[in-house]
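Trainee: Could you take me through one part of this fold up close, and then work outwards from there? I'd like the cut-offs spelled out as you go.

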Amino acid sequence: MNVLSVENLTKSFGDRLIFADLTFGMDHGDKMAIVAKNGSGKSTLLKCLLGKESVDQGKVVFRKDYSVAFMEQAEDLNPDLSILDAVFDADIESLRLLKEYNDALAHNDLDEIQRLTEIITNLDLWDTETKVKQILSVLKIDEFDKKVRELSGGQKKRVSLAQVLISGADFLILDEPTNHLDLDMIEWLEDHLSKTSSTLLMVTHDRYFLEVVCDHILELDDETLFKYKGNFSYYLEKKAERQEQMQSTIDKARNQFKKELDWIRRQPKARGTKQKARIDAFHETKKVASQRLDEDEMDIPVKMERLGTKIVELHKVGKSFPNRVILDKFDYHFKRKERLGIVGQNGTGKSTFLKLITGETQPDAGKIVIGETVKFGYYSQDLLETDNETKVIDVIREIAEFIPLEKGRQLSAAQLLEKFLFPRSMHYQYVYKLSGGEKRRLKLLTILMANPNFLILDEPTNDLDIFVMSVLEDYLKSFEGCLIVVSHDRYFMDKMVDHLFVFEGQGEVKDIIGNYTLYRKNKIAEQRALNAIRTESKLEKTVEKPIQKESSSGEKRKLSFKEKMELEQIEKDLETLEQDKEKFTAVLSNPESDSETLTNAGIKLKEIMDAIDTKTERWMELVD
């Protein structure tokens, strides 16, 4: 069943063509991703589909009875609303109806309350508020009454994501949904979207996300759309085949072009004496032969200053904020060619740790010693600091006109820009014309060209497309200095690092050998083993016959009538709770359970386990 039809869509800004004659469709249940280089128009395309941007030509048709929810990159929330009210303030029918119902209650409008009660009951929306709170909790948003204006950018992004997920819309359109999520949240969202019955269209740079969630890939390249029916691995395979075929076509055209060029030059200048058809064919051949496939290579053999024996040493370092400990008597000595990844939930102090190393923040206790030969290159989450009226090439020239390479060679600013996927046509563009991702790429370039030997990358994958990430990975593979990476991109972490600092909160930092995937597998296995031990221990406590305690006179104290009644009731309650525990444990173990069912079952099981603990303790007191 077709639910979206796009025909001959064309969009330009002034004299810049964004895309032309795009045609594609989506069926119910499709999970499709759009991939393209930064600045190619991915976000613009999503807005054009929803009518938020005008188009030059073409048409977009959604199925009439289909509801659509859209999460933009830049959240648009009312700053005066509470978090819960902001979620219900979305232009989504289910949330709108509940908001109207709450307003009617506030104004004691009985007729409106009756009308909305009937509608909400028919649509089965009464548990929506509970679902909202559950999803917000998973996304680490717990203070539901807090005002939107008090939230960080990442928190606002997560509130916007919750709006869309809770909407129950038939069609979800998501622009970079994994930005500002920690690894646990990303894995939860991955599972949630994999199991949803909604049709999904999204833009994301998370390659594992593309691999697991998507079954269709659209690549927007050179104003043209290429369609692939499969996940990210399939897309990479078929794209390589397409490029190989294209390169073969270009090579043949170049050979033909040389022959035809010789023919053109040997003919008399008078056009009438030449074969018009052959001349037209010559120009077509020239057009094909002039193409150059962008191989996304970043071979930059920059001459790096050698690191000495002393690099960075942390001695009994302590750092804390009110109600939050970052480091507590932390010791570590960095070694040459160290490749460290840092993971942990938001707020555990990952970025603070980086600022301590670079000297932007001072420790509360202990000391940090920096070697004399260390030259930091720190890519932070802050935006590029430069005048928007500056030209792209001048941003580079402000650092250096030429960059020294190995063996005495040099690389000009223009050559470096091209290697970093800025074509000549962009060198003299003003910075304000760049997309967010292009500005990030330019900032990263200014850091790398300064020739650091200790490179720190804090969330480098945010706003960088998968093509830039691929060439950055190629560059970092040959980087001879120390590398620290903080990233929620599991694919990038797996390729770049050989051990992890896991920030677990309140000053606890674990040093784990291996990449993120290995760490995650071990963590899941440990959690399962721990859960099994806890379950077994609680069962033993429940069935174990306690040793009777005697009074000081050597006689056992008898229970009062009220206590006997309480003991009998507790034993009945424990039997019921054990049955409920088995039921919800079975739900959690069922691979066919959807994410909503799993979430509800997890919450209920925790309540049951807490009740079993409480009642078991009281039971033991009474029988003693």
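Mentor: Let's begin with strand β10 (residues 312–321) and β13, which pair in the antiparallel sense over five bridges. Two strands count as paired if DSSP finds at least two bridges between them. Within this pair, Glu313 stands opposite Val369 in β13. As for the labels, helices (H or I, at least four residues) and strands (E, at least two) are DSSP runs numbered from the N terminus.

A quick word on what you're looking at. This is a predicted model, where local features need pLDDT of at least 70 and side-chain atom pairs count only at pLDDT 80 or more, while totals for chains, interfaces and linings use all residues. Residues are numbered from 1 along each chain as its sequence is written, and side-chain values use heavy atoms, with hydrogens and water left out.

Back to the strands. β10 and β13 belong to an open sheet of three strands with antiparallel pairing, in the order β11-β10-β13. β11 (324–333) and β13 (365–370) are at the edges with a single partner strand each, so one side of each has no neighbour in the sheet. From one strand to the next, the twist averages 25 degrees. Packed on this sheet is helix α11 (residues 350–358), which touches β10, β11 and β13 and makes about 130 degrees with the direction of β10. Those angles are between N-to-C directions and run from 0 to 180 degrees, with axes fitted as lines to C-alpha atoms, for helices over the stretch in contact. Contact itself means heavy atoms within 4.5 Å.

Now for the other sheet. Six strands form an open sheet with mixed pairing, in the order β14-β17-β18-β12-β19-β20. Ignoring direction, neighbouring strands are turned by 15 degrees against each other on average. Inside it, strand β12 (residues 339–344) and strand β19 (residues 499–505) pair in the parallel sense over five bridges, and Ile342 faces Phe501 in β19.

Helix α14 lies across β14 and β17 (454–458), running at about 170 degrees to β14. Thr446 has its place in this helix, α14 (residues 436–448). Thr446 is buried, with a relative accessible area of 13%; buried means under 20%, exposed over 50%, and partly exposed in between (1.4 Å probe, protein chains only). Leaving aside neighbours within four places in sequence, Thr446 is in contact with Val395, Ile396 and Ile399.

On to charges. Side chains of opposite charge can pair when their charged atoms come close. The structure holds 26 salt bridges, where a salt bridge is a side-chain nitrogen of Lys or Arg within 4 Å of a carboxyl oxygen of Asp or Glu. One of them joins Asp489 and Arg207, with the closest N and O atoms 3.6 Å apart. Asp489 is in the loop between β18 (482–486) and α16 (490–496), and Arg207 is in helix α8 (residues 207–213), so this pair ties together parts 282 residues apart in sequence. Both Asp489 and Arg207 are buried.

Another salt bridge is between the side chains of Lys11 and Glu53 (3.6 Å, N to O). Lys11 is in strand β1 (residues 2–13) and Glu53 in the loop between α1 (42–49) and β4 (57–62), 42 residues apart. Lys11 is buried at 4% relative accessible area, while Glu53 is partly exposed at 25%.

Last stop, helix α4. Arg115 and Glu112 meet in a salt bridge (2.8 Å, N to O); both lie in α4, three residues apart, about one turn of the helix. The buried residues of α4 are Ile113, Leu116 and Ile120. Seen down the helix axis, these fall within an arc of 75 degrees, so they line one face of α4; the arc is that of the directions from the axis to the C-beta atoms. What covers them includes α3 (93–106). The face turned away from that buried side carries the exposed residues Asp111, Gln114, Glu118 and Asn122.
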